[in-house]
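Visitor: I would like to learn how to read the features of this model one at a time. Please give the general idea before each case.

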Amino acid sequence: MTTLTDPPKETFRLSMLLYDTRYRSATIQVIAMFAFMLLAAWLINNTIINLNNLGKEVTFGFLGETAGYDINQRLLDYNSQDSHIRAALMGLLNTLVVAVLGCITATIIGVFVGVMRLSSNWLIARIMTVYVETFRNVPVLLWIVLAMAILIESLPAPRAFRGEDATASMNLFDSVAITNRGVYIPEPLFSRSLGDIHLLGEHALRFDVSMDLMAILIVLALSIFGMRKVSAKANATQAATGDRPKTWHIQLGLLFVPMIVLLVALGFHLGYPELKGFNFKGGTYMRNSLIALWLALSLYTAAFIAEIVRAGILAISQGQTEAASALGLRPGRTMRLVILPQALRVIIPPMISNYLNLTKNSSLAIAVGYMDITGTLGGITMNQTGRELECVLMLMLVYLAISLSISGVMNWYNNSVKLVER
Amino acid sequence: MKKSVFMGALTLAGLAAGAAAAGTLDDVKARGKLNCGVTTGLVGFAAPNANGEWEGFDVAVCRAVAAAVLGDSTAVEFVPTTGKTRFTALASGEIDMLARNTTWTFSRDVDLKFEFTGVNYYDGQGFMVPKELGVSSAKELDGATVCIQTGTTTELNLADFFRANNISYEPVPIETNAEAQQQYLAGACDVYTTDASGLAATRATFDDPAAHVLLPEIISKEPLGPLVRHGDHEWGDVVRWSLNALIAAEELGITSANIGEMAAGTNNPEINRLLGTEGTLGEMLGLDAGWAKNAIMVGGNYGEVFAKNIGEDTPIGLARGLNAQWTNGGLLYAPPFR
Amino acid sequence: MSDISFVRKEMLPEKAPPASEVGAIGWARHNLFSGWVNSILTLVSLYAIYYVLAGVLPWILQSSWSAQSLKECREVFEAAYGTTHGHACWGVINERWLQLLFGFYPPELYWRPILALLLLLVALSPVLFADHVSYKVLRFTAIYPFLMVWLMWGGPIWGPISAAMGFVVGFAILKFGTGRMGELAAMIAAVAGAVVWWLLLSGTFSSVMSSILPIAIQSVESRQFGGFMLALLLGVVAIGVSLPIGIVLALGRQSDLLIVKSLCIGFIEFIRGVPLITLLFVASLLLNIFLPPGTNFDIILRVMIMMTLFSAAYMAEVIRGGLAALPRGQYEGADSLGLDYWQAQRLIIMPQALKISIPGIVSTFIGIFKDTTLVSIIGLLDVIGLASAIRADTAWNGIYWELFAFIAFLFFVVCFSMSRYSMYLERKLQTGHR
């Protein structure tokens, strides 16, 4: 019927760009690229014209100027004469602190609540449901503000600790003071300290490394290395002779003796907080703005994590548990070896996005006056210098970098858990 | 062209695009409304009441300008701004003037390119402490925890003060006055610092105002006043002289009660010039002859506005102090209307 | 020998179960005290409940509803209970609840937002009550966005109509052009036609029509929006507008076209990687700088734009999830019928993918709705912003818990009922794909 003939020689026509599937995708891409570049050029052009009209130019020189404001909760040393960039660094570290603390506690609370929601105890399951629904359905900003208000109103002020008729007292043998300004705990002090190393001199990114801490870490690492050696030797003996020599006393000795010797040599003691003047002095402390933010973010995110955990556990079929008991595994091991690894695969991807949410929500710190990066770079610095474009741009890039690294790390972990399946 | 393009594209959102290029005065007249930036809420200075109408000392300035320009004190759109958004809102033309207890400083005037058109309240940063602490001077505050409102000049002044006196402190930055008040009352900070007017206003609403004292030190000068964009001098003049009209009215004894008869003509030529029965001051500004009369009729002269919103008979109870007329030992001194 | 065994011939009467196994006691034994751990947990939680209720109930109930100011409240409490603490002063809610709900919207026009909300339910009814409502209502759903804009902002009716005409123009070009120039060319022409209409002709059209046939209702500026209404409006607009954008982004992210794909991924990941508050900073501080000099539209519209971009990124991910959940066979089935890409998307893929995504869309809406509270940080008077403004009134300076309790209650009621409804929908919509 039909005979095979050579296809007609095709010459390129312009309309083929649209109708020929071979060229069409290229056409669409070129149009998309063109449109995108046009849009970008338009926005940039507008920005330049507008900035010219306002008499502003985009420079980052203001970052080196004196910040002029103080920050109460900080990890590195900082004073009001430092530069804006150092203030921003303090903010960044504060953001990271609350994000890390929040992720850890949110996971713990979330897993606990998620498991408890499946409890056979009716009352507990109901209470957990009420908790999850209340926290999920009210904006996190409200929770942050309310957590702060509750801390302020319910905890005693430092002046309640004062005088003969003090209405509040310190906890744990007078070592911990819980006030409505923050929690004060003892700090480690060294009377024969090795001092600090100042890195980067007077640079804005300078930081101090405590030699005492370094010494402790080195000794600890050496001890653990020694313990490993001893344990490996014991394994070898066991393999050769069938008898395992007793090593626990050697191991404990290796762990504690060098450390105690070091601590005595450094003159280790605790500095207790004490009420002096207006405030507790000495010891180290956590301001209640940090605690409120941490608490509210953890509880809010935990409500979401609880639902994820519950769904993860429910997703594992009953047959898995039964098969595990048929193999003779005890309930604890069933959970650890059978249920959890499988549930994790379901749990981790949504967990990543909750960690990301928590980190991004930490930007609401300004509501309680916790000086995170939004409070320093995107707050006071922006206000004092009037450099909105530069500050907001940097702020976005910082958050983007944090988000991408979190999701990178978690995706890597997710992939490593996935392998368990095979 | 571009304007019409946007008009078309965004009719969907029913927006009104405004062109900021022409003179602000003409814009305001064409629009029939004055866009005035105020705070999101500060006791005595600006707050919406139960009917959604804004009230307060800064609000009164907006209303006076609206009355002078448009003859209608209600033709104002109040745009609430925060410490962060206020300058951008003004620079971008979203608001025509900003009356948001903003301190007149060199860098705001020169670097941020705004024009302060006068001072409607002379303030200074002070400290409030509970009486039971037994503190009588700010120099005794070594180691104290201090509540401050962020986004203002306050935090810089505070850092400077403690540094200059070589004493330490712990700042607690807080977004709004209401939160600061709560923290201070609960003892989460020992000291509350902000403008002295704000401290007095805050103390007045306490359960027991007598248990708190204002320390004698005033650590900064805070001349608060309305501001407009740099470069639009006609509009700057309108705002400046509307404010001056209120101040001059008090000096000249014009009140909302007697303005009717005074406007009929008096034998004081300055009053006549101010109220438009003599001379062409209004015309020079590009306004009606009765501009100042309209501005004063809104809430009376400066003294009346002060007394009504923040004066000693209100719960806030501020004394005139620096804000008295120069004839009474204050700093208010309106240039002559001539 | 064979008769030793005893076999009962008749049934024994049923015995009543022991008292400890039935009724309230049995239930409590099984569910509350089934072991010593459970018993302790139960007792502890009973105490916790008692503790919370003992603190909260007197505060809520022994309160004052009529006071005009906090001072008056304190006097009333001092007289009645001898203390000013531990009693709610609901007078502030009593006086300001309309403001908290509607912001500065003119009181005589409150019917408009309420009507818009009711009509929203009607417009969504084909999805919400799919069993009871005919699909013809979808036509109303298509009109609704324009109707809502008209109701909320007011002004002449020709503005929204001329905006809608743009879609009509585009659709007409698509319909008649497809036959003549092929689908892709028609689609490009349709988009171009609609854009030309909006940019060049619609302004003239609406002004001409307004002068011929002036149908208008009182216009309300968006500055007057506030309170809880603002949160709802922002949420609805952001989700409504972001749905089509999200579909485009999701398709772009799934496509084989490298440039399109990377543009989409870049946009989605950028928006999802930064906190909403920074986008709101952009809306309040920078958006005017990015637009042509002289354009100046008010802050609520700028916030709407940024919120829409924000939710579009999340929406794209939800829809991508829906697309991924569709079995491969659906795509292959569409191919085997000879449908091209857009036909397959329109007729086979999208209807199913969107249906699967509805619960995800609802939870995105709840998230966006809760996030609208952040606008208070940039100075908009939403519920939280208004709460601060109310506390700046001399009468209510110093009030705290009552306002926040009221706000939390509002959000809880709305979000909780939506999440329950979406769970119900999820169960109902499962048509056996999973």
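Guide: Start with the elements: helices (H or I, at least four residues) and strands (E, at least two) are DSSP runs, numbered from the N terminus. This is a predicted model, in which local features need pLDDT of at least 70 and side-chain atom pairs count only at pLDDT 80 or more, while totals for chains, interfaces and linings use all residues. Residues are numbered from 1 along each chain as its sequence is written, and chains are lettered from A and ligands numbered from 1 in the order in which they are written.

Visitor: Take one residue. Where does A:I347 lie?

Guide: A:I347 is part of helix α10 of chain A, residues 331-361.

Visitor: Does A:I347 count as buried or exposed, and why?

Guide: A residue is buried if 20 or more other C-beta atoms lie within 10 Å of its own, exposed if 12 or fewer, and partly exposed in between, with C-beta atoms placed from the backbone. A:I347 has 24 C-beta neighbours inside 10 Å and therefore counts as buried.

Visitor: Which residues does A:I347 touch, leaving out those up to four places away in sequence?

Guide: Two residues are in contact if their C-beta atoms, placed from the backbone, lie within 7 Å. On that basis, and not counting residues up to four places away in sequence, A:I347 touches A:I308, A:V309 and A:G312. As for A:L39, 308 residues from A:I347 along the chain, the two C-alpha atoms are separated by 40 Å.

Visitor: Next, sheets. In what order do the 5 strands of the open sheet in chain B run?

Guide: Strands of a sheet pair through backbone hydrogen bonds, either parallel or antiparallel. Two strands pair here if DSSP finds at least two bridges between them. The order in chain B is β10-β9-β11-β8-β12, and the pairing is mixed. β10 and β12 (212-214) of chain B each have a single partner strand, so one side of each is left without a neighbour in the sheet.

Visitor: How many residues of β9(B) are buried?

Guide: 6 of the 6 are, so β9(B) is largely enclosed by the rest of the structure. B:A144, B:V146 and B:I148 point one way, and B:T145, B:C147 and B:Q149 the other way. In β10(B), 5 of its 6 residues are buried.

Visitor: Which helix lies across β8, β9, β10 and β11 of chain B?

Guide: For angles, axes are lines fitted to C-alpha atoms, for helices over the stretch in contact, and angles run from 0 to 180 degrees between N-to-C directions. Helix α6 of chain B (residues 154-164) lies across those strands, at about 155° to β9(B). Helix α8 of chain B (residues 196-204) touches β8, β11 and β12 of chain B, and its direction makes about 125° with that of β11(B).

Visitor: How do α14 and α16 of chain C run relative to each other?

Guide: Angles under 35 degrees count as roughly parallel, over 145 as roughly antiparallel, 65 to 115 as roughly perpendicular and the rest as oblique. The axes of α14(C), residues 341-371, and α16(C) come within 9 Å and cross at roughly 170°. The two helices are therefore roughly antiparallel. Among the residues making the contact are C:I358 and C:F369 of α14(C), and C:F411 and C:M418 of α16(C).

Visitor: Which residue classes make up that contact of α14(C) with α16(C)?

Guide: Ala, Val, Leu, Ile, Met, Phe, Trp, Tyr, Cys and Pro count as nonpolar, Asp, Glu, Lys and Arg as charged, and the others, Gly among them, as polar. The contact has 10 nonpolar, 3 polar and 3 charged residues.

Visitor: How many residues does each chain give where C touches A?

Guide: Chain C gives 43 residues and chain A gives 47. The elements giving two or more residues on the chain C side include α2 (36-61) and α16 (401-429). That side divides into 32 nonpolar, 10 polar and 1 charged.
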